[in-house]
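Please open the structure in your viewer and keep the sequence panel at hand.

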Amino acid sequence: MRSPWSTIAGLFLVCALVGLGRILWLSLLVARAPLQPSLAEDFAGLEQALPPGAAVLFLGDPPIDAAQESPGVRAYFRAACALAPHVLANEDQGQEFVLLVAADEARRDILASRTPGRIIARARVATLLQRTATR
Amino acid sequence: MTRMLALAQCAAWFGSAACLAWMTWRRRCLLSYAGPILLACISGLALCGLVRTAHLGLAADCVGIALPVALLVWATNSLAAHNPPLEARSPAFVCVLFAAAFAIAALYWCLSFQHAPDGGWDAWMIWNLRARFLGGTDFDLAATLPPALARADFGSHLDYPLLLPLALAELALAFGWHPSIPALVSAAGAVAVVACAWRVAASWREACAAAAVSLALVCTPEFVQAAAAQYAALWLAAFLLLAAEGLLRSLASFDDPATTSRSMASPLAVSGVGFSLAASVKQEGLLWFAAGLFALATATPAGRRLRAVASFLAAAAPLLLVTSWFRWVLAPRSDLAQPLSVALGRIADPARWLSLFAGLSLRVVYFQAWGLWLIAFALAAVWFGRGPSSPRARGLGRLLLVVAVGEVLVYLATPHDLPWHIRTSLDRLLLHAWPLALLWLAARVMPVPTSSTPLDAPPRSAG
């Protein structure tokens, strides 16, 4: 009588080969995909520019919305992780520092023009600004 | 000084682990012990971090150095006193396929780390963020729950347990923060799952079962992808395997008239600690803990039930109390929390049942991340799920069934958009259960032991 293990072995072998093929294909896909910069590279130098315990307001383009994993929320959490333990507020309460996050510098400059302050540090995707006058 | 202490703690844990790995390798049983060694390391580092949050001073921190040394001495004595089983012999072609699959998985992890050093969304949004807060605030628990994040209505998940962030923060304190730390911890989690699954199946003295389950895990694309994305789901799965091993050993011991209360207590303690550690990794661990308790209570003979449940709960209590205190006293409310009447109303809504059925069906059809595994498993489960089953198959089946019912109720009651919730979480829920489901299938395929074929029958080699 045929052992149940031979049936299972056959089934597992087919699945293993399909699974291996899928992982190999993914590996090739990953190898061709553009490099995603690390958080340390995206926000390099900003943490050092902030004094300990500084209050920071996050302003992003696109802005934070309620949808999880939207580009705005994603940008917020990337910044929050890179600058931790500094807490990034998403409500303007007159924080001394403002973090402007946008993929390109022109959009960050537009955000900066709306916020009176002095730019104290720039990184690949973010600009840190110190407000000249706080409420 | 703090950094030196953290370095000494890490050195003590890794040194003890290396010593034990070398000893077990010499005795040709490394694969059976690699899982518990890795789980002990991650739990120990998290414990060091937890002690650090209490700011008890130098003496308390030194416990983190003494504990692994004491564990090493205990493990060495245990290994010498008992004759550990040799690794079960497996068919050569399965070993070759396993080695090839592991090499491909490792290649994929390396490439993924190079292309996305910070892992997937959950990795940096939940685990690494919390670890960085812990490390940056001198392990101040309250500071890891900033009101700004708690107020955010876009899902910061501050209620998630802290075992993994504590271990990451402890490593970062010793070696400095670098993206390779969470990446290595994640890969270690994947290895721990495979090794733990091997250990459970190998303890059944069935050479094919251990090889087949391990091979299936390494060849599951979702499993390999989750490790590359640095998800905590793998550590949860590894702790669940440890807990299930203890549970199955307890259930098997109930049929043995020679079992004493003392010999029964050891596997029950392993199970209780394993489930409480699982509950400290991710919130789903609490559901698994409840399912483990249910499986134990329903499968234990009436005369031993009270003692068995008490041993299980006593082992789980310390860590479960800490986790519960964090979750219900310190952390903000979960995004799933809602009044009971609202939750019951959602569960009773037929439209949500339809939506759930449609969502689950869509995910089954959308099987790319799983290769053909889910479909093959469903077919095999239908084919081999009939007829009499062994105590271990019944125990695993009960555990999986209770968790499945619990997850269905959570989905039905979710305040989030149901299709979105299913789409973003189902694969990971399946991943938690996947190693245990494979073990259940192996237990169903194995012959049911009769009174003349005890569970610890001599090993059968498939070579």
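In which loop of chain A does Pro85(A) lie? Select that residue in this predicted model: Pro85(A) lies in the loop between α4 and β2 (88-89) of chain A. Display the backbone here, for the peptide bond from Ala84(A) to Pro85(A) is cis, with omega near 10°. Next, select Asp61(A) and Pro62(A), whose connecting peptide bond is also cis, with omega near 5°. Pro62(A) belongs to the loop between β1 (56-61) and α4 (71-83) of chain A. As background to these two stops, most peptide bonds are trans.

**A salt bridge within chain A**

Remain in chain A and select Glu41(A) together with Arg124(A). These residues form a salt bridge, in which the closest N and O atoms are 3.6 Å apart. Glu41(A) is part of helix α2 (residues 39-42) of chain A, while Arg124(A) sits in the loop between β4 (117-122) and β5 (126-131) of that chain, so the pair ties together parts that are 83 residues apart in sequence. Over all chains, the count of salt bridges comes to 15.

**The interface of chains A and B**

Now colour the two chains separately and select the residues in contact between them. Chain B contributes 60 residues and chain A contributes 51 residues. About 4,700 Å² of area is buried between the chains, and carbon and sulfur atoms give 77% of it.

How many salt bridges are counted between chain B and chain A? The count is 1. To see it, select Glu47(A) and Arg132(B), whose side chains meet at 3.6 Å, N to O.

Turn next to the side of chain B that touches chain A. Several elements each give two or more residues to this side, among them α4 (92-115), α5 (121-136), α17 (373-384) and α19 (418-445) of chain B. Select α4(B) in particular, as this helix gives the most, with 10 residues. If you colour this side of chain B by residue class, you will find 39 nonpolar, 15 polar and 6 charged residues.

**A nonpolar patch on chain B**

Switch to a surface display of chain B and select Leu47(B), Val63(B), Leu67(B), Leu71(B) and Trp74(B). Together they form a nonpolar patch on the surface, with about 450 Å² of accessible area. Helix α3 (residues 58-81) of chain B gives the most to this patch, with 4 residues. Leu47(B), by contrast, lies in helix α2 (residues 30-53) of chain B.

Between α2 and α3 of chain B runs a loop in which His55(B) is found. Select His55(B) and inspect its backbone: phi is positive, at about 50°, although this residue is not a glycine. Most residues other than glycine have a negative phi.

**Arg199(B) and its surroundings**

For the last stop, select Arg199(B), in helix α8 (residues 180-202) of chain B. Which residues is Arg199(B) in contact with, leaving aside its neighbours within four places in sequence? They are Ser32(B), Tyr33(B), Pro36(B) and Glu245(B). Display the side chain of Glu245(B), which makes a polar contact with the side chain of Arg199(B) at 2.9 Å. Finally, draw a C-alpha to C-alpha distance from Arg199(B) to Val382(B): these residues are 26 Å apart in space and 183 residues apart in sequence.

Conventions. Residues are numbered from 1 along each chain as its sequence is written. Chains are lettered from A and ligands numbered from 1 in the order in which they are written. This is a predicted model: local features need pLDDT of at least 70, side-chain atom pairs count only at pLDDT 80 or more; totals for chains, interfaces and linings use all residues. Side-chain values use heavy atoms; hydrogens and water are left out. Contact means heavy atoms within 4.5 Å. Buried area is the accessible area (1.4 Å probe) that two parts lose on being put together, summed over both. A salt bridge is a side-chain nitrogen of Lys or Arg within 4 Å of a carboxyl oxygen of Asp or Glu. Ala, Val, Leu, Ile, Met, Phe, Trp, Tyr, Cys and Pro count as nonpolar, Asp, Glu, Lys and Arg as charged, and the others, Gly among them, as polar. Patches are made of residues with over 30% relative accessible area and no salt bridge: like charges are joined within 9 Å, nonpolar side chains (Val, Leu, Ile, Met, Phe, Trp, Tyr) within 5 Å. Accessible areas come from the Shrake-Rupley method with a 1.4 Å probe; for residues, only the protein chains shown count as cover. A polar contact is a pair of N or O atoms within 3.5 Å; within protein, one must be able to donate a hydrogen and the other to accept it, and residues adjacent in sequence count only if both atoms are side-chain atoms.
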